[in-house]
Amino acid sequence: MKGFFVTGTDTHVGKTVVCGLLAGFLRARGIDAVTQKWVQTGTPGWPADLATHRRIMGLPEDVPPEQLDDLCPYRLCFPSSPHLAAEREGVEIDTSRIEAAYRRLEASHDIVLVEGVGGFLVPLTKKALVCDLVSRLKLSVLVVVGNRLGCVNHALLTVEAIRRREVPLAGLIFNRVPGGSRWSPEELLSDNIRIVEEISGAPVLGEVPFLENPAAGGDAFFPVGRAFLDRWKPR
Ligand SMILES: Nc1ncnc2c1ncn2[C@@H]1O[C@H](COP(=O)(O)OP(=O)(O)OP(=O)(O)O)[C@@H](O)[C@H]1O
Ligand SMILES: [Mg+2]
């Protein structure tokens with residue numbers, strides 16, 4: 001298995017930060033990891049999430065235009081689900097184009113980390129959900145859980161949706177999102193991890209703490225990276 005899909009319990013839960021930190025962790029250990037974003041919405045021009053991955057990985061933010069179409073095949077302006085952003089711009093999202101770009105990256109790297117768009121059941125087009133393509137490409141899924149009030153329900157729903165499609169679940173990564181502790185005492189945040197693990201039986205790879213500067217979060221990410229590597233052996 002060399003393809004992982006990094007989904008989240010919601011938008012804005014830390015998928016970009018976790019993708020960048022995991023790719024950086026693997027690259028620091030000699031594993032040629034690359035990140036991909038199938039559809040970037042809300043940022044015309046240069047795809048912001050890809051730039052953040054690369055900043056965290058310590059790579060130049062921009063890539064040659066001929067590589068950009070593989071790293072981020074669709075770049076749309078409107079900040080919404082891909083199906084709506086594409087419709088507004090008269091773009092037809094062709095999942096076979098995304099699949100071909102993924103295959104090229106898979107053939108030329110040790111591991112591909114694909115950052116999702118919002119959550120697992122977001123529509124890519126009116127007919128295809130993100131999870132349909134994940135299932136077709138046989139990717140394993142990592143779920144970033146934004147650790148805050150309400151995330152237990154979102155995490156369990158996401159696990160259920162993944163299992164229902166018989167997609168391999170590589171693990172859950174809890175993440176201390178900004179503002180997550182506003183109405184949530186420490187007791188609640190640590191219980192979120194325990195109860196989700198207990199009820200779902202899914203592997204929890206750990207928790208990323210709140211980071212003043214996510215781009216310099218390599219040391220804090222170490223236990224989660226280690227837990228990932230313990231389960232995944234590069235071929
Ligand atoms: N552990 C953390 N510590 C501090 N800030 C964080 C952490 N995780 C995420 N953030 C911040 O929270 C915001 C949302 O994170 P991020 O962009 O990674 O979420 P996302 O799930 O990728 O969002 P989207 O659905 O828009 O792609 C960003 O400003 C990011 O820097
Ligand atoms: Mg993101």
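How many of the 7 residues of strand β7 (residues 169–175) are buried? The number is 5 of the 7, so β7 is largely enclosed by the rest of the structure; a residue is called buried if 20 or more other C-beta atoms lie within 10 Å of its own, exposed if 12 or fewer do, and partly exposed in between, with C-beta atoms placed from the backbone. This is a predicted model, in which local features need pLDDT of at least 70 and side-chain atom pairs count only at pLDDT 80 or more, while totals for chains, interfaces and linings use all residues. Residues are numbered from 1 along each chain as its sequence is written, and chains are lettered from A and ligands numbered from 1 in the order in which they are written. Helices (H or I, at least four residues) and strands (E, at least two) are DSSP runs, numbered from the N terminus.

**The sheet**

- An open sheet is formed by 6 strands in the order β2-β5-β1-β6-β7-β8, and the pairing is parallel; two strands pair if DSSP finds at least two bridges between them.
- Strands β2 and β8 (204–208) stand at the edges with a single partner strand each, so one side of each has no neighbour in the sheet.
- From one strand to the next, the twist averages 25 degrees; axes are lines fitted to C-alpha atoms, for helices over the stretch in contact, and angles run from 0 to 180 degrees between N-to-C directions.
- Strand β1 (residues 3–8) is joined to β5 by 4 bridges, and the two run parallel; Phe4 has Leu113 of β5 as its bridge partner.
- Strand β2 is joined to β5 by 5 bridges, also in parallel, and Leu113 in β5 is the bridge partner of Thr35.
- Strand β6 (residues 140–146) pairs with β7 in the parallel sense over 6 bridges, and Leu142 stands opposite Gly171 in β7.

**Strand β2**

- In β2, 5 of the 5 residues are buried, so the strand is largely enclosed by the rest of the structure.
- In a regular strand the side chains alternate between the two faces of the sheet.
- Ala33, Thr35 and Lys37 point one way from β2, whereas Val34 and Gln36 point the other way, and all are buried.

**Helices**

- Helix α2 (residues 48–57) has 7 of its 10 residues buried, so it is largely enclosed by the rest of the structure.
- The buried residues of α2 are Asp49, Leu50, Ala51, Thr52, His53, Ile56 and Met57.
- These buried residues of α2 pack against α1, β2 (33–37), β3 (39–41), α3 (65–71) and β5 (111–115); contact requires that the C-beta atoms of two residues, placed from the backbone, lie within 7 Å.
- Gly58 follows α2 and has a positive phi, near 75 degrees.
- In helix α4 (residues 82–89), Pro82, Ala85 and Ala86 are buried.
- Seen down the axis of α4, its buried residues fall within an arc of 95 degrees, so they line one face of the helix; the arc is that of the directions from the helix axis to the C-beta atoms.
- The cover over the buried residues of α4 includes β3 and β4 (74–76).
- Gly90 follows α4, with a positive phi near 65 degrees.
- Ser190 lies in helix α8 (residues 186–200) and is partly exposed, with 13 other C-beta atoms within 10 Å.

**Ligand 1**

- Of the 18 residues around ligand 1, Thr11, Gly14, Lys15, Thr16 and Leu211 come nearest; a residue is near a molecule or strand if its C-beta atom, placed from the backbone, lies within 6 Å of it.
- Helix α1 (residues 15–27) gives the most to this shell, with 3 residues.
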